[in-house]
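Trainee: Please take a close look at one part of this model and describe it in some detail.

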Amino acid sequence: MTSALPSSIPVSQLGLSASEAQIFHQQQQIALPNQAYPHSASTRGRGHARTSASTSRAASAASSGHGRLVLDPGSLAVLGQHFERLMAAIQNRVEQLSAQTQTSTINQSSRAGAAMAAADAEIARFREIIRQIDELETEFDKVRHIRDIVKGFRARVDSLERKMDARGSRR
């Protein structure tokens with residue numbers, strides 16, 4: 001008994017770009033050669049090895065670089081399941097990356113908020129220091145003014161003492 005190979009079509013007829021066709025070919029090689037097909041012994045009444053081998057040969061031939069898509073139901077089911085798992089894995093990874101991005105954004109926002117609060121506190125502290133410096137400068141101005149008055153009085157007292165000494169020595 002000879003078993004007919006499943007029919008196939010060129011991948012180029014699927015309307016894929018070159019990079020999509022390459023990905024398709026890679027995924028077909030991953031999915032088809034390593035799978036047993038559900039229609040094997042139970043649906044056709046043949047021995048498992050014969051059906052599996054012919055389907056595997058067809059899948060290998062289709063995916064071995066000839067750029068063809070195997071059209072038998074078992075191969076298409078396996079390929080469909082493979083792409084469903086692949087899409088689920090991609091979706092899961094997108095969700096993980098989205099959650100990581102959200103966490104990172106929240107953390108960065110918290111750090112930025114903390115940095116802004118710290119900067120605001122430092123600005124307030126700096127303003128208080130400037131206010132205290134201004135008060136001290138005002139006090140220094142007052143002390144300088146008092147010192148100038150005291151120097152003026154001392155100069156008068158010294159002048160009066162000299163005058164009195166001069167009068168006292170004349171007598």
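Mentor: M87 counts as exposed because its relative accessibility is 52% (exposed means over 50% relative accessible area, buried under 20%, partly exposed in between, with a 1.4 Å probe and protein chains only). The model is predicted, so local features need pLDDT of at least 70 and side-chain atom pairs pLDDT 80 or more, while totals for chains, interfaces and linings use all residues. Residues are numbered from 1 along each chain as its sequence is written, and side-chain values use heavy atoms, without hydrogens and water.

M87 lies in helix α4 (helices are DSSP runs of H or I, at least four residues, numbered from the N terminus). Helix α4 has 98 residues and reaches 141 Å from first C-alpha to last, close to the expected 146 Å (1.5 Å times one less than the number of residues).

Together with I90 and V94, M87 forms a nonpolar surface patch of about 280 Å² accessible area (by Shrake-Rupley, 1.4 Å probe, only the protein chains shown counting as cover). Patch residues have over 30% relative accessible area and no salt bridge, with nonpolar side chains joined within 5 Å; a salt bridge is a Lys or Arg side-chain nitrogen within 4 Å of an Asp or Glu carboxyl oxygen.

Elsewhere in α4, G74, S75, V78, L79 and H82 are buried. F83 is partly exposed, at 23%. A search of the whole structure finds 1 aromatic pair: the rings of F24 and F83 have centres 5.8 Å apart and planes at 10 degrees, so they are stacked (centres within 6.5 Å, planes under 30 degrees apart). F24 lies in helix α1 and F83 in α4, so the pair ties together parts 59 residues apart in sequence. F24 is buried, at 12% relative accessible area.

Definitions and conventions: Phe/Tyr/Trp six-rings, centres within 6.5 Å; stacked < 30°, edge-to-face > 60°. Helix = DSSP H or I, 4+ residues; strand = E, 2+ residues; numbered from the N terminus. Patch = residues over 30% accessible without salt bridge, like charges linked within 9 Å, V, L, I, M, F, W, Y side chains within 5 Å.
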